[in-house]
Amino acid sequence: RWGLGGSLGSVGHPELCMRPCLFQASGTCANGASCDFCHLEHVDTPVKIGKRQRERLLAMPRLRALSIALQALRQKMLALVGASPPCWQAYSKLCGAC
């Protein structure tokens with residue numbers, strides 16, 4: 001769903017939006033519609049890469065880090081029902097760069 005209320009961070013909800021707004025969950029977000037975090041309900045909070053994982057990826061050789069990122073991207077695309085052919089074409093181009 002695109003732009004169905006919420007906030008700026010809600011665009012692309014639920015697959016592509018920002019992580020949920022912690023203040024909105026408690027009803028105290030002062031930023032309202034201009035908030036950079038999602039104000040719509042999330043059944044499952046998306047997994048975000050943490051500081052330690054980022055540091056480990058940055059320390060890896062680039063091709064290894066890219067391989068890991070492509071595996072995660074593929075899993076995400078498979079989870080999206082009806083991922084469009086242009087998405088798969090872009091994915092194939094990225095894989096060809098490895």
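Mentor: Before we start on this predicted model, keep one definition in mind: a residue is called buried when its relative accessible area is under 20%, exposed when that area is over 50%, and partly exposed in between.

Trainee: Which residues of α3 are buried?

Mentor: Helix α3 covers residues 62-79, which makes 18 residues, and reaches 26 Å from its first C-alpha to its last, close to the 26 Å expected at 1.5 Å a residue. Within α3, the residues that count as buried are Ala 65, Leu 70 and Met 77.

Trainee: How wide an arc do the buried residues of α3 cover around the axis?

Mentor: The residues concerned are Ala 65, Leu 70 and Met 77. They lie on the same side of α3, because around the axis they cover an arc of only 135°.

Trainee: Against which helices do the buried residues of α3 pack?

Mentor: On the other side of α3, the residues Gln 75, Leu 78 and Ala 79 are exposed. The buried residues of α3, by contrast, pack against α2 and α4.

Trainee: Are the rings of Trp 88 and Tyr 91 stacked or edge-to-face?

Mentor: A search of the whole structure finds 1 aromatic pair. The ring centres of Trp 88 and Tyr 91 are 5.8 Å apart and their planes stand at 80°. Planes over 60 degrees apart are counted as edge-to-face, and therefore the pair formed by Trp 88 and Tyr 91 is edge-to-face.

Trainee: Where do Trp 88 and Tyr 91 lie?

Mentor: Trp 88 is partly exposed, at a relative accessible area of 27%, while Tyr 91 counts as buried, at 12% relative accessibility. The two are 3 residues apart, about one turn of the helix, and both lie in helix α4, residues 85-96.

Trainee: Which residues is Cys 35 in contact with, leaving aside its neighbours within four places in sequence?

Mentor: Cys 35 sits in the loop between α1 (22-25) and α2 (51-59), and it is buried because its relative accessible area is 3%. From Cys 35 to Cys 21 there are 14 residues in sequence and 8.1 Å in space, C-alpha to C-alpha. With those sequence neighbours left aside, the residues in contact with Cys 35 are Ser 7, Leu 8, Gly 9, Cys 21 and Cys 29.

Trainee: How far is a polar atom of the side chain of His 13 from the backbone oxygen of Glu 41?

Mentor: His 13 is placed in the segment before α1, and its relative accessible area of 3% makes it buried. Between a polar atom of the His 13 side chain and the backbone oxygen of Glu 41, the distance is 3.0 Å.

Methods:
Residues numbered from 1 in each chain as written. Predicted model: local features only at pLDDT ≥ 70, side-chain atom pairs only at ≥ 80, totals over all residues. Heavy atoms only, no water. Helix = DSSP H or I, 4+ residues; strand = E, 2+ residues; numbered from the N terminus. Buried < 20%, exposed > 50% of the residue type's maximum accessible area, 1.4 Å probe, protein only. Contact = heavy atoms within 4.5 Å. Polar contact = N/O pair within 3.5 Å; in protein donor to acceptor, adjacent residues only side chain to side chain. Phe/Tyr/Trp six-rings, centres within 6.5 Å; stacked < 30°, edge-to-face > 60°. Expected span 1.5 Å × (residues − 1). Arc of directions from axis to C-beta.
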